[in-house]
Amino acid sequence: MELAKKNVGAYAADLVKPGMVFGLGSGTTVYWLVQELATRISQGLEITAVPTSEDTKRLAEQAGLKVIDLNEIERLELTIDGADEIDPRGQLIKGGGGALLQEKIVAAASKELIIIADSSKLVASLGKFPLPVEVIPFGYKQVEHQILDSGICNKINLRKKDGKTFVSDHHHYILDCECEKIVDAASLNISLHLIPGVVETGLFIDMANKALIGYEDGRIELINFK
Ligand code: 5RP
């Protein structure tokens, strides 16, 4: 799927117009968007990004993009970001890279959220990809119990990286919740938010306006959600 990611990432560079301040997502598809933008910057394009993670901030700065903090602007016209699952209504699971909190804040500040992804991310219903839930480290096991007791999912894995507990950019832990099939993503999002200790969920409900999907044969499909 790497070629599909590369193609769709590069294609999405056309969405970023000269002088634009835009939200820049995280992940391996966004990486290719940044590479294409770097080429255009070397040819004179001037753009400014609000990054959705520390990794993206570093990547963007290396590529020559001007980077600013979300607090420096009123509102964004556009954010381009990746996703881990996309259902037919445009509901998403995000957070595979652990940046869901900042990604959701930036997306919420944007008039338009355009998702870039390879075709493997299209699903009939959400839930095969374990749902990331960002939690406060204090008492996180209580959050685990509450999620399991409520029957929301069958199994929870505290995310690890290189053998250690993964800590997000905002110093939280991530619980990867194996739900199998999410029937009502909007209600699940609300239920999870009601549990003390939950900071954010990887469910992006009614946030995506469009998705650009890359296929291995080079095709790119535009899907409109609203
Ligand atoms: C990170 C995310 C990413 O947007 C998502 O994981 C992107 O996937 P890919 O690397 O396949 O583009 O949600 O928290």
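The largest cavity holds about 40 Å³ of space. Here a cavity is a set of points, on a 1 Å grid over the protein atoms alone, where a 1.4 Å probe fits but cannot get out. Points are joined across faces, edges and corners, and a volume is the space filled by probe spheres set on the points. With a threshold of 30 Å³ or more, the count is one cavity.

This is a predicted model: local features need pLDDT of at least 70, side-chain atom pairs count only at pLDDT 80 or more, and totals for chains, interfaces and linings use all residues. Residues are numbered from 1 along each chain as its sequence is written, and side-chain values use heavy atoms, with hydrogens and water left out.

## Who lines the cavity

Lining residues have an atom within 4 Å of a grid point. For the largest cavity they are Gly98, Ala99, Leu100, Leu101, Gln102, Glu134, Ser168, Asp169 and His170. α4 gives the most, with three residues; helices are DSSP runs of H or I with at least four residues, and strands are E runs of at least two, numbered from the N terminus.

By class, that lining splits into three nonpolar, four polar and two charged residues. Asp, Glu, Lys and Arg count as charged, Ala, Val, Leu, Ile, Met, Phe, Trp, Tyr, Cys and Pro as nonpolar, and the others, Gly among them, as polar.

## The largest pocket

The largest pocket has a volume of about 610 Å³. A pocket is an open set with protein on both sides within 12 Å along at least five of seven lines. It has 31 lining residues, and Ser26, Gly27, Asp55, Gly97 and Gly98 are the closest to its centre. α2, α3 (54-62) and β7 (110-118) each give two or more residues to the lining, and α3 gives the most, with five.

## The ligand

So what sits in there? The ligand takes up the space of the largest pocket (more than half of its atoms lie within 2 Å of the grid points). The ligand has 18 residues around it, and the closest are Thr28, Thr29, Asp84, Gly95 and Lys121; a residue counts if a heavy atom lies within 4 Å. The shell has three nonpolar, nine polar and six charged residues.

For polar contacts (N or O pairs within 3.5 Å), a polar side-chain atom of Lys121 is 2.5 Å from a ligand oxygen, and one of Asp84 is 2.7 Å from a ligand oxygen.

Technical notes
Polar contact = N/O pair within 3.5 Å; in protein donor to acceptor, adjacent residues only side chain to side chain.
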